[in-house]
Amino acid sequence: MNHQHNSSKRLAMARHLLLLLTLFLFTAASAQEMPVKFTVQQKQVSPTEVDVVFTAKIDKGWHVYSTNIPDGGPTAATMHTDKAEGAQPMGALIKQGKEISEDDQIFGMRLSYFENAVTFIQKYKITAKTYNIKGYLEYGACNDEMCMPPSTVDFEYSGKGPEEAPAAEPAKEEPAAAATTDPATVGAAALVSTTDTTKADTLAGAMSAVVDSALVASSQDKWWQPAVDKLKALNGGNISDRSWLYIFLMGLLYGLLAVFTPCVWPIIPMTVSFFLKRSKDKKKGIRDAITYGISIIVIYLALGLLVTALFGAQTLNALSTNAVFNLIFCALLVVFALSFFGWFELTLPSSWTNKVDNKASETSGLLSIFLMAFTLTLVSFSCTGPIIGLLLVETTTSGNWLGPAIGMLGFAIALALPFTLFALFPTWLKQAPKSGSWMNTIKVVLGFIELAFALKFFSVADLAYGWRLLDREVFLALWIAIFLLLGLYLIGKLKFQSDQGNDKAMPVPCIMLGLISIAFSIYMLPGLWGAPCRAVSAFAPPLYTQDFNLNTKEVRAAYTNYEEGMAAAKATGKPVMLDFTGFGCVNCRKMEIAVWTDPTVADKLNKDYVLISLFVDDKTPLDQPVEVEYNGKKRTLRTIGDKWSYLEEMKFGYLTQPLYVLVDNDGNPLARSFSYKEDVDDYLKFLGEGLNQYKKR
């Protein structure tokens, strides 16, 4: 998941260890404890308004998705009102809690979620003397490695309204729900009798045609029999957010790049020499130079804090998820790239610089040093501005509301570091490389990088609006061109206007970097025909957007219906791999891209197994709701996805995706189960274990 899920959330190593321990205990149990615990109550806030309040406590490492999840993403928190006598819903579902947003490259969208706790509120307007409301909250929950199927919290409340209001009109009767407390009976009778609109491919239809219907009827009970203890024994009790540090290091890298631009590097020796010479006391000169460096940090950190304070966490998250602003970010980066290529120069009004410089000359002490640092900020804007812009764009879309401040802190430390070091060790100034054409080379290289990043932001908007202008092969073609031209520039085969007069051969480091860039372009070439290109999967649009795909090793399930797939496997004498998945499961897509695309894995899944993918978030409704009871808890199954999630929980004791279970033709587990783990060798071993056991039986 990470679905590819929090997404967000790759925190400290200690937290990862705690999460792994939690997962160990979580998956070892024969029946899972719910990682999200909801309580629901009604609050009548006035004679004409009542609130239904859902309060959740979320286990550490897990998160619940918010209400604002775009189509095609994970399960959003959604309110469903089945009956409303004497009342009617008022507005959308309200969310309360610390909402986090994280960029998810699998879906090409922002995913918002809550950790630790969240409250959802649905308001109802009372329109009669008495009211009766009934419905349920649907929500999705994931951690870094797996997801629960879409879950529900049911409610039914009644009460009194204003005395002067009319009597409530009775709601239309709904079809009675089938009820049973025997899981096996539910599977063989009530659930199997419902009409499932399967999403199986043509192969599924062809296979189903040869299956004897009597075979299905005779095996249904076995297929639905619980196998929790058997799977637990085979498992042996074990299945295997951009952080602040990442943002800080990203800012540090951008700051180091800014140091070597022609607007900053030449200023360093002049400024340090000025501080060392203006005071007879060498120690005071060093102290002033260090203060100058600290002033630079304060200025840029203040800029980052200002961005955070002006917009706030929610606004930054909204900007990062908004397709229009992603287009603006794209255009901004294109402008910066063209500036670095030398087409024009971005400069601030010279009057600003003159005023600050004059003010610095008129003052003394710490204020004078601070104003000199501010002058550097203005003078170097034409070089640092595009880099700062890229940094702020990246941190704004990082899902971390303090991202701009943390990123700018890293940038400022890197920018201030040479001033401080050269002040402490003045003799280094003589050994420092002189200004020259190499600084222009750095600017041009940054221009190519900004152009490549601009496509990433355009891709977010393209996916959100469904324009299909930047499908995967188009994106890769543009990146191939960008990094090929970058490589040609670095080896001296491509020149810009700003390089005129420089006929010298490129230095060896540039040539080596150029070869790496060209090699990177060649690496992406097979992606035009469907190769996974995992190194760029975090930036490129999803594989499903690719129209031209010659990948013959693609794995697609022949069946999305449990009974049909099991019957076909029995008729053909093959074992079954049950793939409990979801349309909105990030880590499911990661496994399919990282593991299923391996040729050996694909051959085994296509030839040796009957693959049945059961989508636990399939919203296709059953013919009628089915009420079941398992482990003392009642649950109403309304959709096909509900049916498959119930099967997963009742038969195998799990409620997470992805979950891969190998079973024989009677539905008995053959080997350990497998969850999210991008390990091709272990996955092949897992498939081999199932085949060996099937042959023995």
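Two strands count as paired if DSSP finds at least two bridges between them. Strands here are DSSP runs of E with at least two residues, helices are runs of H or I with at least four, and both are numbered from the N terminus.

Before going on, I noted that this is a predicted model, where local features need pLDDT of at least 70, side-chain atom pairs count only at pLDDT 80 or more, and totals for chains, interfaces and linings use all residues. Residues are numbered from 1 along each chain as its sequence is written, and side-chain values use heavy atoms, leaving out hydrogens and water.

**The sheet**

I looked up Phe580 and found it opposite Leu614 in S14. Strand S13 (residues 576–581) runs parallel to S14, and 6 bridges join them. I then traced the whole open sheet: 3 strands, ordered S14-S13-S17, with mixed pairing. S14 (610–615) and S17 (659–663) are at the edges with a single partner strand each, so one side of each has no neighbour in the sheet.

Next I checked what packs on the sheet. Helix H18 (residues 562–572) touches S13, S14 and S17, contact meaning heavy atoms within 4.5 Å. Helix H21 (residues 640–652) also packs there, touching S13, S14 and S17.

**The core**

I moved on to nonpolar cores, which are sets of buried (under 20% relative accessible area, 1.4 Å probe, protein chains only) Ala, Val, Leu, Ile, Met, Phe, Trp, Tyr and Cys residues joined through side-chain atoms within 4.5 Å. The largest has 40 residues, and Ile296, Tyr300, Phe411 and Leu415 have the most contacts inside it. H13 gives the largest share, 8 residues.

Conventions. Axes fitted to C-alpha atoms, helices over the stretch in contact; angles between N-to-C directions. Buried < 20%, exposed > 50% of the residue type's maximum accessible area, 1.4 Å probe, protein only.
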